[in-house]
Amino acid sequence: MSIFAKYTYRLLILSLLFASCKKVIDVNLNNAPSQVVIEGIVNNQGPASVIITRSVRFGDNNSFPPVSGAVVKVRDNAGNSYQLLETTPGVYTHPNAVGVPGRTYSLQAIINQVSYTASSTMPYPVNFDTLTTDQLAFGNKVLKVVRPWFRDPDTLGNNYQFLEYVNRALVQNIYTWNDYINNGGVYYRPLIYQAEDKHRDIVSGDTVTVEMRCIDKAVFTYMRALADLNTNNITPANPPSNLSNGALGYFSAHTSQVKSVKIP
């Protein structure tokens, strides 16, 4: 399971815990019903990919069982339709389902005769100009960081997500920005890396790769909720998924650009 689906499930568990504290009642989280978790992606660089799993009982390990045998379809508003094939358990793709900026994409996943749907409009790409390195004082040490640079368009309402990889390993941080403060300006905010191993900072010789995604507002809102959870900035609650029928997760049509840099 990806970090995004994992944090979605974590939000669900924390919201149950918070509710039980407010109502001063006992909630047996081991008996919480299993829920469908969907992470669907359409981008302009590669085929659509939909990962379907189920949540597990509280206290179980992070081995989320894949959902096989689903009927998964992706359509766009230009009349194209693709039925995704299950390539590995719980993973559905189609080699020709490559996204086009400006189009709206719809997802339908039928699981045990229950239909889960969502839609997402792929924004037009904003150019990822460059990726630079920097050093920042953080507490009693100096952190090595990277800065993605880009110029935001003059039109208000652009939303961005960044994925960071250190030596090909995906960082667990969720980076999301929008243009409400600096519309039309140049962005170069650092990505403050926090490894699962708190003693492992970025060091000289590491290769850092950053994927810049231009995402729609609904996906931004979902990702921001996960980011706030990760930094404990919100009262736990289910994130505002764009999926129907109570499924956890999200469906995103976005553009993708990737750059790498070696840390000096």
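**Strand pairing, aromatic contacts and backbone angles**

Strand β9, which spans residues 141-151, pairs with β13 in the antiparallel sense over two bridges, and in this arrangement Arg151 stands opposite Val186 in β13. The model in which this pairing is found is a predicted one. The two strands belong to an open sheet of three strands, in which the order is β8-β9-β13 and the pairing is antiparallel. The edges of this sheet are formed by β8 (128-138) and β13 (186-187), each of which pairs on one side only.

Aromatic side chains provide a further set of contacts. A pair of aromatic rings is described by the distance of the centres and the angle of the planes. The count of aromatic pairs comes to nine. In one of these, Phe150 and Trp177 are stacked, with 6.3 Å from centre to centre and 15 degrees between the planes. This pair links distant parts of the chain, since Phe150 lies in strand β9 and Trp177 in strand β12 (residues 175-178), 27 residues apart. Both Phe150 and Trp177 are buried.

The rings of Tyr160 and Tyr187 have their centres 6.5 Å apart, and because their planes stand at 50 degrees the pair is tilted. Here too distant parts of the chain are linked, with Tyr160 in strand β10 and Tyr187 in strand β13, 27 residues apart. Both Tyr160 and Tyr187 are buried.

Attention now turns to the backbone. Most residues other than glycine have a negative phi. Arg168, by contrast, has a phi near 75 degrees, a positive value in a residue other than glycine, and Arg168 is placed in the loop between β10 (159-166) and β11 (169-170). With a relative accessibility of 82%, Arg168 counts as exposed, because the cut-off for an exposed residue is over 50%. A positive phi is likewise found in Asn245, again a residue other than glycine, where the angle is near 60 degrees. Asn245 lies in the loop between α2 (217-230) and β15 (248-262), and its relative accessible area of 55% means that Asn245 is exposed.

Note on methods
Residues numbered from 1 in each chain as written. Predicted model: local features only at pLDDT ≥ 70, side-chain atom pairs only at ≥ 80, totals over all residues. Heavy atoms only, no water. Helix = DSSP H or I, 4+ residues; strand = E, 2+ residues; numbered from the N terminus. Buried < 20%, exposed > 50% of the residue type's maximum accessible area, 1.4 Å probe, protein only. Pairing = 2+ DSSP bridges. Phe/Tyr/Trp six-rings, centres within 6.5 Å; stacked < 30°, edge-to-face > 60°.
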